[in-house]
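Let's walk through this model together, starting with the terms and then moving from confidence to helix packing and a pair of individual residues. Keep the viewer open as you read.

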Amino acid sequence: MSQAAGDVFGQRFVTVGWRLDRSPGMAQDRVSGVPVNATESALAELRAYCDVAVRHSYDQYEKHGTLHEKAHIAFHDDAVWKQTWVPDEFDVTDARLHPVFQETFTDRQRLAWNHFMWALDYSSIAQGERQIIVLNNFAVQHYGRVLPSVVELERRESFEETDHISAFAMVIEGVRQRYVGGTKPIWSVAASGFGSNSVNTVVRQAIGRLGNFVMGSNFPTLFFLARGMKTHGMKPFENAITRFEGGHKAIRMISHLHRLDESRHMATSLYLAQLSAAALDTMPKDNAFIFKQAVKAAFPPGRSSLYRLDYWKRVLDTADVYADVPQVEKDALFAHMSERIEANLASLHTVQTHVTRQANKRIVEECGLSPDMKRLFVEVMRQDPAYAATVDAVVLPEVGEA
Ligand SMILES: [Fe+2]
Ligand SMILES: [Fe+2]
């Protein structure tokens, strides 16, 4: 590995030590300056990375156990319901600033809101991870021929995501039983794919199969680009929850352990977004129409505000804990939230500004898409104010300049 392995899972992405060029023989080892074949160097880089990443995963699980066990511990402590779980300012709807929240809500209702915030974030993460478990396999399908250790790594990452989902589901169900009652569901709709979870369950296999066929190596490149950006978007929030002094210890531990796994997943995403075009023996297929649809499936227009507002509307209207709040007051609160969310999502959250901006700049600028597809990616993202903020630092060469 041309970069110290210690950097791989740290606060910053690893610097991949080869400058890649799709024309064979043009890449150079940064250290020796010796020309190397781009495909060979990409495969060597990935092989070394995969070995380290799989080993770290086993070591971590041996040391800390599963995330599901941590969730179990949290729910054997009654204090979990007496403490807040996340910093209040994470609520991008600014509900806490409205008179209904401040004056009508009781202390119990305000605390429930905080626990609902956790359930919103982690149900949307879990929905994304359900998609990822399936799509991981398809995205690395062609590595089975050229570098099986990538397939093995994705199998391991999918195992970790399964553990994460079961931990989050346990806590979300606890929130639901305590505050919602009956059988009414509270899970948010997915932030990617279709707005219906049952549709996503049915079509994600077909999308995976089709993706490789119609996009060639652009499929794994775009998939890992999107996966990396989404994973990284959550990291500053998990860092803050982990450090959150008012938070419950076991809830903080869930975020801490999850961020350790996700740091590895981010490094994997960066590597595979950057190197797949060179490493795979399938060619990228630059079809602008298909590419645009794929970007929109990963980042559906308007979804960032929609999945949050849909969740809060259901919470306000159906949760037993808010049953005694007059409907007119719920409506006033929800109108305020709908207005504030658009403005708040148009820029990165304060905890994201530095790390997320820089990480996204890097993963987009360095990914293996052609300059035209990179420009198209950024163009599509900038059509939606909530996604535009995530790529605002990206600078790409003008047409003909690359
Ligand atoms: Fe995860
Ligand atoms: Fe992940």
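Two residues are in contact if their C-beta atoms, placed from the backbone, lie within 7 Å. With that cut-off, and not counting residues up to four places away in sequence, S192 touches G128, Q131, A297, A298 and P300.

A word on conventions: residues are numbered from 1 along each chain as its sequence is written, while chains are lettered from A and ligands numbered from 1 in the order in which they are written. This is a predicted model, in which local features need pLDDT of at least 70 and side-chain atom pairs count only at pLDDT 80 or more, whereas totals for chains, interfaces and linings use all residues.

How confident is the predictor? pLDDT is its confidence in each residue, from 0 to 100. The average over the chain is 87, and 90% of the residues score at least 70. Helices (H or I, at least four residues) and strands (E, at least two) are DSSP runs, numbered from the N terminus. Over residues 1-26 pLDDT stays under 50, and the model has 53 contacts beyond four places in sequence for them.

Now to the helices. Two packed helices are described by the angle between their axes and the distance between the axes. Axes are lines fitted to C-alpha atoms, for helices over the stretch in contact, and angles run from 0 to 180 degrees between N-to-C directions. Angles under 35 degrees count as roughly parallel, over 145 as roughly antiparallel, 65 to 115 as roughly perpendicular and the rest as oblique.

Begin with helix α8 (residues 218-243) and helix α13 (residues 353-366), whose axes are 9 Å apart at an angle of about 170 degrees. That angle is why α8 is roughly antiparallel to α13. Among the residues that meet here are L225 and M229 in α8, and V355 and I363 in α13.

Next, helix α4 (residues 107-139) and helix α7 (residues 197-215) have axes that come within 9 Å and cross at roughly 25 degrees. The two are therefore roughly parallel. Their contact includes Q127 and Q131 of α4 and N197 and N200 of α7. By class, this contact has three nonpolar, nine polar and two charged residues; Ala, Val, Leu, Ile, Met, Phe, Trp, Tyr, Cys and Pro count as nonpolar, Asp, Glu, Lys and Arg as charged, and the others, Gly among them, as polar.

A288, F291, K292, V295 and K296 of α10 make the contact with M373, L376, F377 and V380 of α14. Here the classes are seven nonpolar, no polar and two charged residues.

Finally, return to S192, in the loop between α6 (148-180) and α7. Is S192 buried or exposed? A residue is buried if 20 or more other C-beta atoms lie within 10 Å of its own, exposed if 12 or fewer, and partly exposed in between, with C-beta atoms placed from the backbone. S192 is buried because 22 other C-beta atoms lie within 10 Å. Y143, in helix α5 (residues 143-146), is also buried, with 23 such atoms.

How values were computed. pLDDT is the predictor's confidence in each residue, from 0 to 100.
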